[in-house]
Amino acid sequence: MLQGFKEFITRGNVLDLAVAVVIGGAFSAVINGLVEGIIMPLIGWLVGAPNFAGIAFSIPNWRGGSTEFPIGVFIQGLIMFLLIAAAVYFFVIVPINKLKSLRKSPEEVVEEAAAEEVVLLTEIRDLLRAQSGTAAAPNSN
């Protein structure tokens with residue numbers, strides 16, 4: 001039983017997942033700092049009130065009182081989610097995708113060039129056939 005547990009723990013994917021969770025926790029502090037320390041104050045500067053948690057509405061109930069619905073908490077959470085998602089996309093995903101495109105492997109470049117050459121050669125062949133008056137149908141290659 002302990003041997004099976006040891007194999008489970010030392011498997012690569014479990015260790016990778018553990019590292020990802022730890023790195024994700026540390027990275028969430030960076031993103032939250034960006035959103036709460038830079039983006040939300042900018043919104044507050046532009047709009048005037050970056051905190052929507054105080055927005056609420058009341059509905060009278062049958063006992064003579066009223067029930068309050070703090071809808072601002074939901075709005076604040078929604079705005080924070082969208083800002084965090086935007087920060088992750090624009091400050092992490094876009095730069096990483098740009099770096100990946102700059103680091104294309106030579107094999108990918110050769111395959112793309114070969115495909116373009118085939119199209120160009122096919123067009124040249126078709127033009128030559130049209131000029132010579134040959135009515136033969138082009139190959140499907």
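# Close-ups of a strand hairpin and its aromatic neighbours

**View 1. Phe69, a partly exposed ring.** With 37% relative accessibility, Phe69 lands in the partly exposed class, because that class covers values between 20% and 50%. Keep in mind that this is a predicted model, here and in every view that follows. Phe57 gets the label partly exposed as well, its relative accessible area being 39%.

**View 2. Phe57 and Phe69 as a ring pair.** How many aromatic pairs does a search of the whole structure find? It turns up two. In one of them, the ring centres of Phe57 and Phe69 sit 5.2 Å apart with the planes at 20°, so this pair counts as stacked. Phe57 belongs to strand 1 and Phe69 to strand 2, so the pair links parts of the chain that are twelve residues apart in sequence. If you're wondering why two numbers are quoted, a pair of aromatic rings is described by the distance of the centres and the angle of the planes.

**View 3. Tyr89 and Phe90, an edge-to-face pair.** Here the two rings are 5.0 Å apart, centre to centre, and their planes make an angle of 80°. Are these residues buried, partly exposed or exposed? Tyr89 has 42% relative accessibility, which makes it partly exposed. Phe90 comes out at 53% and counts as exposed, because the cut-off for that class is over 50%.

**View 4. The hairpin formed by strand 1 and strand 2.** Strand 1 takes in residues 57–60, while strand 2 spans residues 66–69. The two run antiparallel, with four bridges joining them. Look across from Ser58 and you'll find Glu68 of strand 2 standing opposite. Five residues lie between the strands, and Gly64 in the turn has a positive phi of about 100°.

**View 5. Thr67 and the residues it touches.** Thr67 has its place in strand 2. Which residues does Thr67 touch, leaving out those up to four places away in sequence? The list is Phe57, Ser58, Ile59 and Asn61. Phe57 is ten residues away along the chain, and its C-alpha atom is separated from that of Thr67 by 8.4 Å. Thr67 is partly exposed, because its relative accessibility is 34%.

**View 6. Arg63 over the face of Trp62.**

**View 7. Stepping back to the whole protein.** Four helices and two strands make up the list of elements. Reading from the N terminus, the order is α-α-β-β-α-α. Of the 141 residues, 9% are buried. Among contacts with a separation of 6 or more, 35% are between residues 24 or more positions apart.

**View 8. How confident is the prediction?** The average pLDDT of the protein is 79, and 85% of the residues score at least 70. Where is confidence lowest, and where is it highest? The lowest value belongs to helix 1 (residues 2–10), with a mean of 75, and the highest to strand 1, at 86. As a reading tip, where pLDDT is low, the predicted coordinates should not be read in detail.

Conventions
Residues are numbered from 1 along each chain as its sequence is written. This is a predicted model: local features need pLDDT of at least 70, side-chain atom pairs count only at pLDDT 80 or more; totals for chains, interfaces and linings use all residues. Side-chain values use heavy atoms; hydrogens and water are left out. Buried means under 20% relative accessible area, exposed over 50%, partly exposed in between (1.4 Å probe, protein chains only). Contact means heavy atoms within 4.5 Å. Two strands pair if DSSP finds at least two bridges between them. Rings of Phe, Tyr and Trp (its six-membered ring) pair if their centres lie within 6.5 Å; planes under 30 degrees apart count as stacked, over 60 as edge-to-face and the rest as tilted. A charge sits over a ring if NZ of Lys or CZ of Arg is within 6 Å of the ring centre and within 35 degrees of the ring normal. pLDDT is the predictor's confidence in each residue, from 0 to 100.
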